[in-house]
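Keep the viewer open as you read.

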Amino acid sequence: VWCIVFSQDAPVRGDQPQPTASGAEWARQLTALLSEAQLPAIVCVVTDHIAAALVLLKDPPQEAAARFARQAKLLPGLSAGPSFSVGAAGPAANAAELALAFSHACGVIHRRFFLGPGAVCFYSGPEARAAHPADFREEARLVQELVQGGELNRLKALMERVCAQRDRYAVDDIDQLRRLFNIAAEALIHHTQICCPCAAELQVLDTNPLAVIGGMSFLDDLLDWLRGLIDTCHGLLQRAAGDGNMRRVFTYIEQNYMHNLTLNSISEVAGFSPNYFCNIFKEYTGKSVSAYLTDLRIQHAKQLLTATNKSINLIAEEVGYESSSYFIKVFKDLTGVTPNHFRRVNR
């Protein structure tokens, strides 16, 4: 005898009969499906979303298990109700072993978190574990760093890599994975609300990440939800940067390009951290801060070269270069000619 546990993959919709009111029908459907797989069974409803069956296997366990797996994969399509995931354990030869098989089946079905809806999970002994449970402390640190730095594409890639390693995780790691997703979501929402005051009005940022994540049964659902949140916050942050902050930055640079501007001083004008500001500035202009500042200085140098008789040394100083030789090098790197040559050609 094997013990099979069925668990609904999603809450029953309002337009469907509730399991408590149609438990007998649910049990009848499961019994019929098992019978079609030539697996005589006794089925009972345990809770609103859980049913259990004792199945008599007349064939060798591996052959019967394979046949059951094929039939169970068809279960969502054959049943009029919600889809199911399945946990199975056995064989059992007495009442004590049946109780243990039921416990194992209930435990192994949690692996549907990694496998997705309609999963068929067979208990094959204690899970092989590393010396310690999965440790996501480094990932949690990276999450905070990437959010603060505005590197949201890298944040998305990080969480995708974590999910891609699901084969390494055990059932006991599920809570830690949920915690990592919650850390990412809360950090993202908090950062967006600080940088974008208007974002507080959006409903998506008023959600409780812990409640949302706790209500999801599958890792892929968590990843899809977080991807959507990242995209939403990314858009808000970009718009905030372009609406007013960047205009102040361009005005500040234009008025002070001739001075020794630092990344910290410019990012303070925008109201962002230096790392985050660098990413936003490059997305907005297509250039790094230093490249933009260099281009602006050379443009002003060109104007002075063509409109005045000031010396190269004085022009270098007026556009923000302490060394005229370095100014000449930068000018030639960008224009292909020296300042003197540019002056002769353009006068």
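## Helix α12

In this predicted model, α12 is built from 12 residues and spans 16 Å from its first C-alpha to its last, close to the 16 Å expected at 1.5 Å a residue. Its buried residues are Tyr276, Phe277, Ile280 and Phe281. They lie on the same side of α12, because they cover an arc of only 130 degrees around the axis.

Just after α12 comes Gly286, with a positive phi of about 80 degrees.

Now zoom in on Phe277, which sits in α12, the helix of residues 274–285. Is Phe277 buried or exposed? Phe277 counts as buried because its relative accessibility is 0%, and the cut-off for buried is under 20%.

Which residues does Phe277 touch, leaving aside those up to four places away in sequence? The list is Met246, Val249, Leu263, Ile266, Ser267, Ala270, Phe272 and Val289. Gly150 is 127 residues from Phe277 in sequence, yet their C-alpha atoms are 7.7 Å apart in space.

## The whole chain

Zooming out, the protein chain has 16 helices and 5 strands. Of its 347 residues, 42% are buried. Among contacts with a separation of 6 or more, 67% join residues 24 or more positions apart.

As for the surface, the chain exposes about 18200 Å², and carbon and sulfur atoms supply 53% of that area.

Definitions and conventions. Residues are numbered from 1 along each chain as its sequence is written. This is a predicted model: local features need pLDDT of at least 70, side-chain atom pairs count only at pLDDT 80 or more; totals for chains, interfaces and linings use all residues. Side-chain values use heavy atoms; hydrogens and water are left out. Helices (H or I, at least four residues) and strands (E, at least two) are DSSP runs, numbered from the N terminus. Buried means under 20% relative accessible area, exposed over 50%, partly exposed in between (1.4 Å probe, protein chains only). Contact means heavy atoms within 4.5 Å. Accessible areas come from the Shrake-Rupley method with a 1.4 Å probe; for residues, only the protein chains shown count as cover. The expected span of a helix is 1.5 Å times one less than its number of residues. The arc is that of the directions from the helix axis to the C-beta atoms.
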